[in-house]
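Dear colleague,

Please find below the structure that I am handing over to you.

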Amino acid sequence: MTLNTKDKIFYTALDLFSKKGFSGVSIREITREVGIKESSLYNHFANKDEILESILTYFRSDFSKTLPPVEMLDAILQKSTVEEFLKAGHRNFKQFMEDENRVKMWRILQIEQFRSPLAREVILEDLFKTTIHFLEIVFQKLIDLNKIRPYDPKTLAIEYQYPVFSLLTEYTILKFDGKDTSEVETRLDNHIDFFLEIVTVK
């Protein structure tokens with residue numbers, strides 16, 4: 001696929017920011033890698049901050065597609081076991097994170113969370129709050145279907161998801177260093193199995 005100049009700037013900055021952090025990359029370095037004059041970059045982005053904003057906004061939109069629409073949940077949950085639903089979600093997210101550009105965006109979020117208000121917003125609102133709220137709805141519906149024990153659904157969402165967040169952070173660090181991720185992936189599978197053992201109605 002042939003990229004236009006704006007896309008080349010976007011993906012070059014994505015790669016550089018994910019390796020060096022926003023502050024460690026200059027406009028000159030980006031344009032040198034793209035093969036354009038510095039002045040040409042400003043035809044597409046006002047400044048370096050706008051490039052980062054476009055990357056984080058893209059990730060935000062892309063990540064939202066990993067969760068099925070709430071209006072489809074009843075049909076999905078009625079025909080799935082709890083195990084099937086959670087493991088399908090795990091597979092979908094693994095597929096999402098197999099894309100190298102998404103891994104780079106995830107790393108940028110981790111690097112920039114204490115510098116960029118938008119990075120913090122994406123982590124707190126999209127990754128944490130939205131995901132926990134979605135799972136709270138899921139667990140309440142599963143309780144109503146008598147598929148899991150009647151624990152507080154928000155507590156279930158937190159107990160299930162926060163270990164996943166930590167394991168995914170470890171996964172991205174290992175991927176960055178080119179190290180084997182099989183152990184952390186096994187731990188994620190074990191986490192799901194352990195959670196199912198606790199909550200599933202026998």
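Which pattern does the chain follow when it is read along the sequence? The pattern is α-α-α-α-α-α-α-α-α-α. The secondary structure accordingly comes to ten helices and zero strands. Please note that this is a predicted model.

Overall dimensions and packing

Taken along the principal axes, the box filled by the C-alpha atoms of the chain is roughly 65 × 35 × 35 Å. The chain has 202 residues, and buried residues make up 41% of them. As for contacts between residues at least 6 apart in sequence, 67% join residues that are at least 24 apart.

Surface and charge

The side chains include 28 positive and 32 negative ones. The centres of these two sets of charges lie 4 Å apart.

A nonpolar surface patch

One local feature concerns Y151, F194 and I198, which form a nonpolar patch on the surface. Together, these residues have about 310 Å² of accessible area. F194 is located in helix α10, which covers residues 182-199. Is F194 buried or exposed? F194 counts as exposed because its relative accessible area is 57%, and the cut-off for exposed is over 50%.

I would be grateful if you could look through the model with these points in mind.

Yours sincerely

Notes
Residues are numbered from 1 along each chain as its sequence is written. This is a predicted model: local features need pLDDT of at least 70, side-chain atom pairs count only at pLDDT 80 or more; totals for chains, interfaces and linings use all residues. Side-chain values use heavy atoms; hydrogens and water are left out. Patches are made of residues with over 30% relative accessible area and no salt bridge: like charges are joined within 9 Å, nonpolar side chains (Val, Leu, Ile, Met, Phe, Trp, Tyr) within 5 Å. Accessible areas come from the Shrake-Rupley method with a 1.4 Å probe; for residues, only the protein chains shown count as cover. A salt bridge is a side-chain nitrogen of Lys or Arg within 4 Å of a carboxyl oxygen of Asp or Glu. Helices (H or I, at least four residues) and strands (E, at least two) are DSSP runs, numbered from the N terminus. Buried means under 20% relative accessible area, exposed over 50%, partly exposed in between (1.4 Å probe, protein chains only). Contact means heavy atoms within 4.5 Å. Lys and Arg count as positive and Asp and Glu as negative; His and the chain ends are not counted. The place of a charge is taken as NZ of Lys, CZ of Arg, CG of Asp or CD of Glu.
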